[in-house]
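Here's a quick briefing for anyone meeting this structure for the first time. Have a look at the model below, then read on.

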Amino acid sequence: MTLEDDTLDRYTRLVNNEPIMTQTDIQEKTSDAPEHEYDEDEDVDVFYSSGDQPKMIPYSGRDQQQIAEAMGKTFRLAGLDEDDVVLNLGAPPETNHQSGWGITRGSEAVGAVVINDSIADFMDDDVRDRWDEVTTVMSLPRMLPALGERVEASYGDLDDVFPNVERAITAGDAFPQRLREQVKEQWGFDEAYNFYAAAEMSAVAGEDAEGSDMVQTNDELYIELLDPEADVDPAVNRAPEDAITAIYDIDEPVTGVGLFSAPDRELLPFIRYRAGDVLTAKPGADGPRLTFEGREDRVINLSGAMVYPREIEDAVYSYDETADWRAVVTEEDAYPVLHMYVEGAAEDDIVPYLAEENSSIDAWYDAGGIKIQLHDYTAQDELAQYLDEYELDADLLGEDMKSTRIGFDTSYTGT
């Protein structure tokens with residue numbers, strides 16, 4: 001999808017020379033209107049972002065209609081239509097998380113039937129009576145294996161209880177190929193798609209083929225990429241204009257921190273909002289195509305070589321498509337070191353696989369400028385012992401479905 005020319009021109013003028021909006025700025029914009037004030041308007045829905053400091057995101061009735069249409073466009077890319085029946089494994093409405101609401105509203109915009117409200121009711125008797133109708137399952141990527149095991153433990157093989165299932169559509173995290181293959185085999189999906197969304201922007205972009213780059217599906221968003229190494233003046237939250245690239249103006253791949261503008265939003269318009277995600281944009285015949293690389297706080301700076309979580313995931317999949325993994329970054333003798341913990345016996349060097357994904361590794365590793373160490377393990381207990389040796393900034397073995405696989409030791413300075 002491409003924005004209409006007049007809309008693109010207007011958005012380009014609106015964002016030019018504007019400061020970068022932080023997550024704190026989003027919180028401050030809504031702090032003067034607490035949730036109970038929004039409750040007075042029955043047309044307003046309030047959602048919250050994930051994380052330690054959730055942000056309150058209000059949507060007017062008009063805003064809700066627009067994001068429902070964006071969700072619908074996203075689902076259509078994955079093949080959803082009026083003949084489909086959807087099992088909604090998103091968050092319950094009472095949690096004020098947008099996922100369950102978005103799955104329902106987006107599916108209804110397509111004309112599909114949704115048989116339940118969220119993960120909270122998907123095993124209710126009246127819902128289970130309709131499992132045999134389900135063609136599409138929607139959830140977080142890393143939730144699907146655990147939920148599949150739960151269903152199998154109570155009701156038997158998924159092939160039997162969901163005989164007509166065709167596809168998975170997921171969001172909220174990366175969906176690496178290794179995990180796609182796992183859930184396809186477990187659930188019997190023919191295809192498994194992913195899309196990119198966040199509470200602040202709602203649906204942003206979706207895959208039009210399994211595992212492909214994504215197509216923008218929200219026509220009220222203007223997307224730019226900030227050079228990860230750009231100097232942002234903290235006093236005014238401004239970066240040099242030549243460090244910011246609109247995805248609509250590229251003629252070669254560009255990777256950067258996503259800046260999102262939604263100037264036409266009724267209740268919470270924003271300009272150049274830094275959502276915290278790193279994206280790669282590539283030129284395409286029908287407009288720019290996007291790849292989600294990971295959270296910017298998980299990007300690894302190896303002596304100037306920027307290494308992204310997706311690159312590590314893809315490298316491990318090429319190395320051993322069934323292997324689990326974790327990565328830890330430390331600083332030793334003034335050098336950052338990437339420690340790769342890969343399940344199974346380390347019979348091959350992982351570096352060539354990483355180099356296939358990242359040209360900087362290819363250029364600098366043999367010269368000694370980049371340090372990578374491979375460690376193998378055979379059991380989670382063994383991995384836990386290894387990880388206990390570090391003072392990590394994140395729990396790499398947590399049960400959180402959105403937990404990271406990359407952690408930084410306190411010795412690492414990020415330089």
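Which residue forms a salt bridge with Glu 241? That partner is Arg 272, and the closest N and O atoms of the two are 2.8 Å apart. Keep in mind that this is a predicted model. With that said, here's a tour, starting with the whole protein and then zooming in.

**The big picture**

- You're looking at a protein with 13 helices and 20 strands.
- Its radius of gyration is 22 Å, close to the 22 Å that the globule rule gives for 415 residues, so the protein is as compact as a globular protein of that length.
- If you box in the C-alpha atoms along the principal axes, you get roughly 60 × 55 × 45 Å.
- Buried residues account for 50% of the 415 residues.
- Take the contacts between residues at least 6 apart in sequence: 65% of them join residues at least 24 apart.

**Surface and charge**

**Salt bridges: Glu 241 and Arg 272**

- The structure holds 26 salt bridges, and the pair from the opening question is one we can look at in more detail.
- Glu 241 and Arg 272 form a salt bridge, and the pair ties together distant parts of the chain, 31 residues apart.
- Glu 241 sits in the loop between strand E10 (222-226) and strand E11 (244-246), while Arg 272 belongs to strand E13.
- Glu 241 is partly exposed, at 28% relative accessible area.
- Arg 272 has a relative accessibility of 1%, so it counts as buried.

**Salt bridges: Arg 310 and Glu 293**

- Arg 310 pairs up with Glu 293 in a salt bridge, with the closest N and O atoms 2.7 Å apart.
- Arg 310 is partly exposed, with a relative accessible area of 27%.
- Glu 293 counts as buried because its relative accessibility is 4%.
- Elsewhere, salt bridges with shared partners join Arg 62, Asp 63 and Glu 220 into one network.

**Salt bridges: Asp 264 and Arg 10**

- Asp 264 forms a salt bridge with Arg 10, and their closest N and O atoms are 2.8 Å apart.
- The two come from distant parts of the chain, 254 residues apart: Arg 10 lies in helix H1 (residues 5-15), and Asp 264 in the loop between strand E12 (254-262) and strand E13 (270-282).
- Asp 264 is partly exposed, with a relative accessible area of 25%.
- Arg 10 is partly exposed too, and its relative accessible area is 32%.

**A closer look at Ser 139**

- Ser 139 lies in strand E5, which covers residues 136-139.
- Is Ser 139 buried or exposed? Ser 139 is buried, since its relative accessible area is 6%, and the cut-off for buried is under 20%.
- Leaving aside residues up to four places away in sequence, Ser 139 touches Leu 89, Leu 144, Leu 147, Ile 169, Thr 170 and Ala 171.

Definitions and conventions. Residues numbered from 1 in each chain as written. Predicted model: local features only at pLDDT ≥ 70, side-chain atom pairs only at ≥ 80, totals over all residues. Heavy atoms only, no water. Helix = DSSP H or I, 4+ residues; strand = E, 2+ residues; numbered from the N terminus. Buried < 20%, exposed > 50% of the residue type's maximum accessible area, 1.4 Å probe, protein only. Contact = heavy atoms within 4.5 Å. Salt bridge = Lys/Arg side-chain N within 4 Å of Asp/Glu carboxyl O. Rg over C-alpha atoms; globule rule 2.2 N^0.38 Å.
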